[in-house]
Amino acid sequence: MTTDDRTYETMSRDDLSQLQIEKLQTTLNRVYRNVAFYKHALDANNIIIEDIRSLRDIRKLPFTTKQDLRTSYPYDMFALPLRDIVRIHASSGTTGKPIVVGYSKNDIQHWSALVARQLTWAGITEHDVVQVGFTYSLFTGGLGYHFGAEHIGASVIPASTHGNLRDQVTIMKDFKTSALICAPSTALALARTMTSMGIHPEQLHLKRGIFGSEPWSEAVRKELENTLRITAYDSYGMSEIMGPGVSGECEKRNGLHVNEDHFIVEIINPSTLEPVPEGDEGELVFTTITKEAFPLIRYRTGDRACLLPGECGCGRTFVRMSRVAGRTDDMIVLQGAKVLPAQIFETVLGVAGIAPLCRIVLGRQNDADTLEVDVAVSSDSDFIDDIKALENLRRTVVERLQSTLGIGVAVTFLEEGRLQNEAHGKKQPLVIDKRKL
Ligand code: DLL
């Protein structure tokens, strides 16, 4: 951690508010000048930027939604021309087009510094060997952590999801990994593989684990700490806001400090859109105040959490958020991938011969999430009794779903009548979540 970081992290709340309002005004000017969506939104709400003088005034500003970002595909929300963009990522889990996000050179520097800051909170230093087990791809997890860990001078192993779990465990053992960064479900699977390979945690050098990108619980934390002999820390973020590094646990591990020198956090009631009373649960809303390429005003995350009252024993003044308690929408987080039931339904509907019905079953096998999609052959199809044709049809559905969602899926045929009964006439897929975290 730099002295600079410590100065920001322990600022008085008054100084922090002043800093936030100044940066917010800069951001509002930037988006008003450069993003047609925001110019229109601010004008339509008769907002004069100079009138936003205190953090309370943020409530006058319009929200930004996932739908707004989808509509702006690919670059309409960018506040800089492409020549100033040095990195592009995209989020999965939306119907149709993904949400594309961009970073300027300064954005990448801030991002790396914030991830580094969070790793430092978890006790990681330049002496650590850090294994990043998130995919290096359009997903922000891999590269986000990679740059952050390099920023503090740690030795980074870009393991990504290379090879199978046994390869990952071998790397962990032979390369003397001391910090593991991945999704909690991946860590559980690695722990199980390690046991099956007859490797005892004492043969490893692991000390710490940073886990995030999907919901997990205190029970999972205990299990990971016991089986891997580590201290485990929660990390939260989302591609639209930046990626990992939005908030994370410090050594006290009692809530995730939000990096408030870069983001303003609010909790709103998702129905009334009004702020909830202090400490109550609601929807997390973030405003970015330093981003140049992809600034967002009052972005509705769809994640449910609360802000924890009181000070943290670590001395940092940044507010803490609780673990994410769930979603306000029906987004499914599965092995770190984000999927909407509607996205599955649309894909199924696109296959000729399949009835417009489906049931989604989420399960867990060997600590990994599983996805099963139950579909029916349309009653008017002429090959209902042709086993070979049915198998081809099933394979087509599997291929389409896997290529849309980017994750493994099992497809089972059920009788159309049975699916119809279960759907109770609704046009949405039924989701059965059997996972127990
Ligand atoms: O998951 C960024 C990230 C990567 C965070 C690595 C932490 C570690 P997205 O793919 O855009 O970005 O997904 C964001 O994942 O809105 C939450 O619903 C969920 N999520 C992220 N972190 C946590 C967490 C990355 N610690 C979405 N606990 C978010 C629960 C989480 N859910």
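**Fold and salt bridges of the predicted chain**

In the protein chain, residues 24 or more positions apart account for 66% of the contacts with a separation of 6 or more, a contact being heavy atoms within 4.5 Å. The structure is a predicted model, in which local features need pLDDT of at least 70 and side-chain atom pairs count only at pLDDT 80 or more, while totals for chains, interfaces and linings use all residues. Residues are numbered from 1 along each chain as its sequence is written, and side-chain values use heavy atoms, leaving out hydrogens and water.

The overall dimensions come next. Along the principal axes, the C-alpha trace spans about 70 × 60 × 45 Å. Of the 437 residues, 54% are buried, where buried means under 20% relative accessible area, exposed over 50%, and partly exposed in between (1.4 Å probe, protein chains only). The accessible surface comes to about 19,400 Å², and carbon and sulfur atoms contribute 50% of it; such areas come from the Shrake-Rupley method with a 1.4 Å probe, and for residues only the protein chains shown count as cover.

The chain holds 12 helices and 21 strands, defined as DSSP runs numbered from the N terminus (helices H or I, at least four residues; strands E, at least two). Four of the strands form an open antiparallel sheet in the order E10-E11-E12-E15, and strands count as paired if DSSP finds at least two bridges between them. At the edges lie E10 (263-268) and E15 (326-327), each pairing on one side only. E12 (residues 299-305) is joined to E15 by 2 bridges, and Asp-303 has Arg-327 in E15 as its bridge partner.

Side chains of opposite charge can pair when their charged atoms come close. Counting a salt bridge as a side-chain nitrogen of Lys or Arg within 4 Å of a carboxyl oxygen of Asp or Glu, the model has 30 salt bridges. One of them brings together Lys-66 and Glu-240, at 2.7 Å from N to O. This pair links distant parts of the chain, with Lys-66 in helix H4 (residues 66-71) and Glu-240 in the loop between strands E7 (231-238) and E8 (243-249), 174 residues apart. Lys-66 and Glu-240 are both buried.

A second salt bridge, between Glu-202 and Arg-229, has an N to O distance of 3.0 Å. Glu-202 sits in the loop between helix H8 (184-196) and strand E6 (208-212), and Arg-229 in the loop between helix H9 (218-228) and E7, so this pair ties together parts 27 residues apart in sequence. Glu-202 is exposed at 63% relative accessible area, whereas Arg-229 is partly exposed at 43%.

Glu-251 and Arg-316 also form a salt bridge, with their closest N and O atoms 3.3 Å apart. Here, Glu-251 is partly exposed, with a relative accessible area of 42%, while Arg-316 is buried at 6%. Salt bridges with shared partners join Asp-5, Glu-9, Arg-117, Glu-251, Asp-261 and Arg-316 into one network.
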